[in-house]
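Hi everyone, thanks for coming.

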Amino acid sequence: MAVDTAVPPIVQMRDITIQFPGVLALDQVDFSLRPGEIHALMGENGAGKSTLIKALTGVYHIDSGTIEVAGARRVFDSTAAAQDAGISTVYQEVNLCANLSVGENVMLGHEPRRQGRIDWTAVHAEAQRHLKNLGLELDTRSVLSSHSIAIQQLVAISRAMVLDSKVLILDEPTSSLDRGEVEQLFAVMRELRESGVAILFVSHFLDQVYEVSDRITVLRDGGLVGEFLVADLPRDALVTKMIGREMTDLAEISEKSDRAIDRDGAPVLSASGIGRRGGVAPADVSVYKGEVIGFAGLLGSGRTELARLIYGADRADSGEMQIHGDNVKVHSPRQAMEHGIAFSSENRRDEGIIADLTVAENIVFGIQAQRGWTRRVKNGEQDAIVKDYIAALGVRPADPTMRAGNLSGGNQQKVLLARWLATAPELMVLDEPTRGIDVGAKADIQRKVAELSDKGLSVIFISSELEEVLRLAQRIVVMRDRHKIGELDSHDVDAAGLIDYIANNEAGSVAR
Amino acid sequence: MTTVQTTTADRVASVTSFLRTFTSRYASVLPTLAAVGVLLLLLMGAQSRFGNFVSPGNMSALLLDNAYLMILAVGMTFVIVTAGIDLSVGSVMAFTGILGASMLSTGVPVYIAVPIMLGGGATIGLLLGVLVQYFNVQPFIATLAGLFLARGLAYVVSLSSIRVEEPSLLWLQATRFRLGDWYITPTGIIAIVVVATGALVMHFTRFGRTVYAIGGSEQSARLMGLNVARTKVMVYVISGFCGRLAGLVLTAYSGAGYPRNGIGTELDVIAVVVIGGTLLTGGRGYVLGSMVGVFVFGTIKSVISFMGAEQSWTHIIVGALLLVFIVVQRAIVARSDRPR
Amino acid sequence: MTKILKHRLFWPAAALVSLLAVNIIANQSFARITMRDGQLYGALIDILRQSAPLMLVALGMTLVIATRGIDLSVGAIMAVSGAVALTIIDSSPSPGSLGTVAVAVVVALLVSLVLGAWNGFLVSVLGIQPIIATLVLMLAGRGVALLITGGAITTVNSAPLKFIASGYLFILPFAFFISVAAIATVGLLERRTALGVLTEAVGINPEASRLAGVRARGIKWSAYVASGLLAGIAGVIYASNISAADANAAGFLIELYAILAVVLGGTSLMGGKFSIAGTVIGVLTVQTLGSTILFFGVPSAQSPVVFAAVVILVVLLQSDLVHRTAKRVWSQVRAEFTSSNQQDTEVAS
């Protein structure tokens with residue numbers, strides 16, 4: 001369906017700027033949404049997608065800029081206010097009450113009443129009617145939690161329609177749905193589009209975006225890259241716009257990645273057919289001594305999920321793993337550590353740093369966990385290790401007694417790197433170690449990875465920045481839509497080629 | 001042959017589909033049904049053991065003896081369904097009782113004393129609700145302060161028991177409306193009215209549904225535009241009111257106010273509410289289930305006194321039953337929350 | 001100066017010191033310590049002696065709270081422990097012999113250990129919320145204690161038992177030495193091994209700890225075992241003090257006073273960083289407050305009103321709303337002050 005640009009937009013955001021402590025989250029971003037369109041909002045982590053959504057739905061206060069809804073200037077100070085203005089949001093983690101019935105979730109707060117008491121027959125009849133409008137046949141008296149996430153999301157959309165929403169924001173609704181469920185959701189979305197609802201759609205799946213959207217707005221690093229008609233934007237152009245290029249002067253590292261890897265004999269780690277239902281499809285990965293393997297792919301492509309399986313952070317339900325040729329079972333992080341594997345999560349705050357402990361305690365934490373509670377890392381030993389790593393990685397400020405939570409992101413990342421290096425692993429799995437940190441710290445970390453692999457450490461390196469992956473890795477595992485779609489030698493491909501591979505390679509494009 | 005097979009298959013299919021409908025709709029009733037089962041087993045067991053256990057007199061006494069507990073359980077159900085907890089109810093009950101007894105003994109007329117007992121104006125429940133909602137104090141800690149406060153105030157009123165001689169208050173207990181060998185006292189009627197009102201409010205008002213929504217997910221409830229703050233404060237006010245009403249009933253029952261009344265009662269109340277099928281993690285539970293829980297508790301007590309055993313067995317058995325129910329609930333919730 | 005003000009123990013210590021000061025000002029004899037027969041006596045010595053049970057329970061509670069848990073069953077465990085010990089002594093032919101008392105105490109502590117392990121099992125293996133898991137034992141424990149004593153208050157006449165709570169070693173009460181030994185043991189165990197830092201890590205960020213390979217289950221479990229054992233010792237001291245096992249009164253409300261002491265000591269109920277020294281200060285504060293209330297002629301039964309006020313005050317001081325409001329008021333005051341200063345200088349120039 002072609003977008004009628006003559007129709008005035010229902011939502012017009014102009015020059016939206018939001019400043020968080022230390023970060024410019026949104027920098028003069030314009031965004032418009034028209035009735036009867038499905039508009040995809042694209043961008044990598046930290047691009048500002050969720051910030052923009054939260055600005056529109058009244059969760060965040062905007063520092064400057066204007067929001068117009070249906071031609072009138074509005075300032076929302078709560079989600080309730082945005083809802084009253086006809087803007088409803090359905091989140092990835094469904095914001096309904098799983099303990100209540102389907103019908104009640106649709107109607108909660110708007111139940112028909114008779115003589116002051118809720119008329120349950122009418123509640124369920126009305127809910128049934130709203131669900132039917134979306135083509136859903138459900139037992140409205142069944143408990144919401146007895147339904148799949150997909151159905152729960154459709155129920156949430158149905159609720160938004162009870163509120164008579166003109167704008168529907170779908171924030172990564174498809175990330176936990178299977179193919180059939182996605183089809184059902186898309187059918188509902190198209191239905192709503194026909195009836196004039198404006199839909200803002202966020203998804204990491206390129207196929208889905210191209211299948212259902214009319215227009216695409218791309219954000220990067222808090223700034224607007226542009227707004228495009230889907231027909232005018234080929235996939236590789238989209239990926240290029242999302243990822244962008246960052247010129248960092250790291251030529252000398254790029255040379256080092258050229259060194260030959262000895263691939264005779266058993267690899268340090270070899271995983272075959274390792275996968276998890278609902279997480280990532282079975283894939284093979286092998287890493288040799290001193291080798292850096294990059295995992296490339298967009299956010300949500302399954303790169304993190306695969307890394308977590310290798311470390312035992314999540315339990316694989318298929319496949320086998322070998323370390324130096326011996327079969328091993330890795331069902332927990334502890335077992336992985338015993339086999340010399342270390343893992344640094346992409347989620348520093350929730351899964352990495354122990355915020356209330358000091359920098360020093362955080363650095364020796366890995367060793368301490370390895371040794372158990374009886375053998376404490378003695379003060380002298382701790383001081384020596386901490387001093388070494390603070391100097392080697394350039395942690396700033398170089399104060400071991402500082403609360404780790406007070407460090408900047410880049411320095412927290414260095415502390416985590418130190419934590420794992422101190423355990424002397426054979427294989428390090430680094431998930432987005434350079435995300436959200438300044439250029440200097442980024443270069444420090446890249447240099448350190450190159451240096452360590454030179455000395456024989458094997459590394460799995462995951463990053464959204466393809467140039468970084470290309471520079472550091474000898475081989476690249478490419479992921480898309482929760483599948484491994486191929487493996488490339490980094491000498492045979494450049495950034496454009498890799499983008500093209502991620503966006504277009506058909507071999508691995510499997511409909512789930 | 002084939003036809004027979006299909007009909008069997010159909011029958012199996014219809015049974016399984018019935019089961020599926022049932023579990024998808026009523027999984028949350030299962031713990032309460034289990035409590036009903038436990039109650040029936042207890043009654044049948046006791047009847048076959050003693051022969052005269054399930055008698056009209058004994059069953060009527062069950063309601064009479066546990067009226068105060070039933071009232072407290074209703075208030076506690078509201079609080080626990082929002083995933084909160086109220087530890088102050090036993091102390092509030094004692095404070096109300098001794099306050100009332102003291103006022104009546106100093107000649108305050110009953111039509112003034114009773115409204116004061118039931119408490120207008122600033123109440124402990126309101127204080128606790130405000131602490132929980134606006135100052136983000138954990139319910140456990142806030143109501144702990146309430147427990148201390150009310151207990152201490154009870155002793156401030158009087159350090160020893162005060163007899164109540166006010167006839168209208170004693171009337172609540174002494175009057176027996178009879179139907180054959182069955183009887184009910186006004187205190188029993190109050191308890192039943194409280195249960196019925198509680199059940200209706202929970203099921204048929206937006207306030208009641210908001211209570212459930214908060215227990216399911218407070219954040220969702222807020223995003224759905226429900227009035228979370230007011231509702232959360234209200235449940236503590238309701239629980240506080242039930243505590244005071246229970247104090248009035250207990251004073252009538254025992255004919256005296258006593259500052260040591262209701263020590264540990266908050267635990268009994270929590271136990272009966274959980275045994276009655278309310279989830280301590282919030283979101284599921286029924287006022288009627290709590291009533292069943294009270295009957296289970298009362299029956300255990302009465303069986304133990306029939307057997308002439310130590311009353312301390314009551315708490316051991318209730319504790320064990322509580323544990324079983326908590327573990328079973330965990331299993332049921334884990335199962336029903338797993339999406340298909 | 002700001003360093004001292006910022007120290008986490010500054011406010012707890014300040015509270016204790018000012019409480020002591022109030023007492024001393026109100027009653028000079030409060031600070032008086034006399035020596036009789038080579039033993040020290042006085043109000044302060046009494047506080048040290050009487051605080052022993054609460055000290056032990058609060059130490060265990062500190063560890064449990066650090067793991068984001070809570071142990072409501074400590075009072076019930078005290079009752080069981082006292083009941084076990086006294087029943088053994090009572091049924092022994094020689095209640096006054098040291099051997100009997102030693103056996104009784106060891107058995108009582110073993111039982112407490114098992115009860116603590118039971119709590120730990122429910123929380124760390126079955127994954128039941130700590131409040132609920134320990135509620136079971138809180139409810140059933142006293143019933144068990146009553147059964148052991150046969151529903152009566154078992155009294156014994158046993159000099160070695162009496163010594164535990166009332167005896168003197170050198171010039172100080174024996175119970176005080178038990179406190180000190182417990183503080184030292186817990187302190188050494190937590191801070192000389194890595195148990196403390198791992199406990200804190202599990203309390204601060206369970207997921208990060210898991211990913212770092214920490215055996216969180218064992219650490220949580222150990223906290224409940226420690227809490228049970230310490231409560232058991234407290235139960236023996238309590239029973240010794242009255243030479244009786246009173247299943248209803250032993251450790252009554254002690255879980256609440258212990259939680260209060262832990263919070264007063266600056267350990268957050270949200271888990272994580274804990275301070276043994278802080279808890280010690282907290283316990284002494286609670287105990288001193290109790291004595292103060294008595295001293296001012298308030299019947300001990302009414303003291304909960306004061307404690308309730310303290311709890312409410314402390315949680316309000318810790319709440320975000322109050323912090324934010326205070327910060328805003330302070331910055332406004334400062335802004336006013338600086339702007340008026342500027343005006344002054346402008347006028348002057």
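**The interface between chains B and A**

So, the contact, meaning heavy atoms within 4.5 Å, takes 26 residues from chain B and 29 residues from chain A. Before I go on: this is a predicted model, where local features need pLDDT of at least 70 and side-chain atom pairs count only at pLDDT 80 or more, while totals for chains, interfaces and linings use all residues. Residues are numbered from 1 along each chain as its sequence is written, chains are lettered from A and ligands numbered from 1 in the order in which they are written, and side-chain values use heavy atoms, with hydrogens and water left out.

How much area is buried between chain B and chain A? About 2,400 Å², with carbon and sulfur atoms giving 52%; that is the accessible area (1.4 Å probe) the two parts lose on being put together, summed over both.

The rule finds 2 salt bridges across this interface (a side-chain nitrogen of Lys or Arg within 4 Å of a carboxyl oxygen of Asp or Glu). One of them joins A:E111 to B:R206, with the closest N and O atoms 2.9 Å apart. On chain B's side, α11(B) gives the largest share, 6 residues; helices here are DSSP runs of H or I, at least four residues, numbered from the N terminus.

Now over to chain A. Helix α10, residues 303-311, has 8 of its 9 residues buried, that is, under 20% relative accessible area with a 1.4 Å probe, protein chains only. Among them are A:L306, A:L309 and A:Y311.

Technical notes:
Helix = DSSP H or I, 4+ residues; strand = E, 2+ residues; numbered from the N terminus. Buried < 20%, exposed > 50% of the residue type's maximum accessible area, 1.4 Å probe, protein only.
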